[in-house]
Amino acid sequence: MSWHIENIRDVQWYDGGPFGVYGDFERGGERFPEVGFNFGLIWPGQKLGMYHREENQEGFLVLSGECLLIVEGEEHPLRQWDYFHCPAGVDHIIVGAGDGPAFLIAVGGRTGSGGIVYPVDAVAQKHDATVERETTDPKEAYARFPKQQTIPFDEEWLP
C-alpha cells in the first residue's frame, strides 16, 4: 500500500449494531501491516468489541463523550481527552456510558503472530461484553451478533 491522505468523512463507515459505528483509513480492505488506526462512535451500552487481550499494545483516546473501561476485571470511567494505554496481554474492553455518544480513536500494533484471546469475565458480562466460553477464534467470539453493514457517513457523528 502506498502513502495516501483521507478525510474521515470520505472513508467507508460501518454499522456494527451493538458495537456502534466505526471506520478506518485503510483502502479497499487492505490492512495496514504494522499499525491499526481506527475510530468509532459508541452510544451508552454499546461496546467497541468483546473483552479480549492481544499480543500487541493498543491505545485508546476519548475525543468526546463518556465511556466505561473494563480492564483486568475492573471498571474505570473515561471521559473526553482520557487516554488508555493498553500493553500487550492485558484483558480489556470499552463500553459507552453517560447520556450520549462517545467518539474514540483506537490504535494498535499488528506485528508478530497477532494472537488474541477472548476470556470470560464477570464484570464484562454485566455489559454483555464477554464470551460464554474462552476462545481464540474471533468468529466464535462474535457469532451471536449481526454482521457489520456498510453505511454512509453522517456529519452528526463527529465531535
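Which residue in β2 does D15 stand opposite? D15 faces V21. The model is predicted. A search of the whole structure finds 9 salt bridges, and the aromatic pairs number 12.

- Strands of a sheet pair through backbone hydrogen bonds, in either a parallel or an antiparallel way.
- β1 (residues 13-15) and β2 (residues 21-24) run antiparallel and are joined by 3 bridges.
- The D15 and V21 positions stand opposite each other across these two strands.

**Salt bridges**

- E6 forms a salt bridge with R27. The closest N and O atoms are 2.6 Å apart.
- This pair links distant parts of the chain, 21 residues apart. E6 is in the segment before β1, and R27 is in the loop between β2 and β3 (35-42).
- E6 is partly exposed, at 28% relative accessible area. R27 is also partly exposed, at 40%.
- R9 forms a salt bridge with E155, with the closest N and O atoms 2.9 Å apart.
- R9 lies in the segment before β1 and E155 in the segment after β12, so the bridge links parts of the chain 146 residues apart.
- R9 counts as partly exposed at 39% relative accessibility. E155 counts as partly exposed at 45%.
- R79 and D82 meet through their side chains in a salt bridge of 4.0 Å, N to O.
- R79 is exposed, with a relative accessible area of 55%, whereas D82 is partly exposed at 21%.
- K47, D128 and R144 are linked in a network of salt bridges.

**Aromatic pairs**

- A pair of aromatic rings is described by the distance of the centres and the angle of the planes.
- The ring centres of W13 and F153 are 5.5 Å apart. Their planes stand at 50 degrees, so the pair is tilted.
- W13 lies in strand β1 and F153 in the segment after β12, so the pair ties together parts 140 residues apart in sequence.
- W13 is buried, with a relative accessible area of 0%. F153 is partly exposed at 22%.
- F25 and F37 have ring centres 5.9 Å apart and planes at 40 degrees, so this pair is tilted.
- F25 is in the loop between β2 and β3, and F37 is in strand β3. The two are 12 residues apart.
- F25 counts as buried at 17% relative accessibility, and F37 is partly exposed at 32%.
- Ring pairs link W13, F25, F37, F39, F103, F153 and W157 into a cluster.

**Charge over a ring**

- K47 lies over the face of F19, at 5.5 Å from the ring centre.
- K47 is also part of the salt-bridge network with D128 and R144.

Definitions and conventions: Residues numbered from 1 in each chain as written. Predicted model: local features only at pLDDT ≥ 70, side-chain atom pairs only at ≥ 80, totals over all residues. Heavy atoms only, no water. Pairing = 2+ DSSP bridges. Helix = DSSP H or I, 4+ residues; strand = E, 2+ residues; numbered from the N terminus. Buried < 20%, exposed > 50% of the residue type's maximum accessible area, 1.4 Å probe, protein only. Phe/Tyr/Trp six-rings, centres within 6.5 Å; stacked < 30°, edge-to-face > 60°. Lys NZ or Arg CZ within 6 Å of the ring centre and 35° of its normal.
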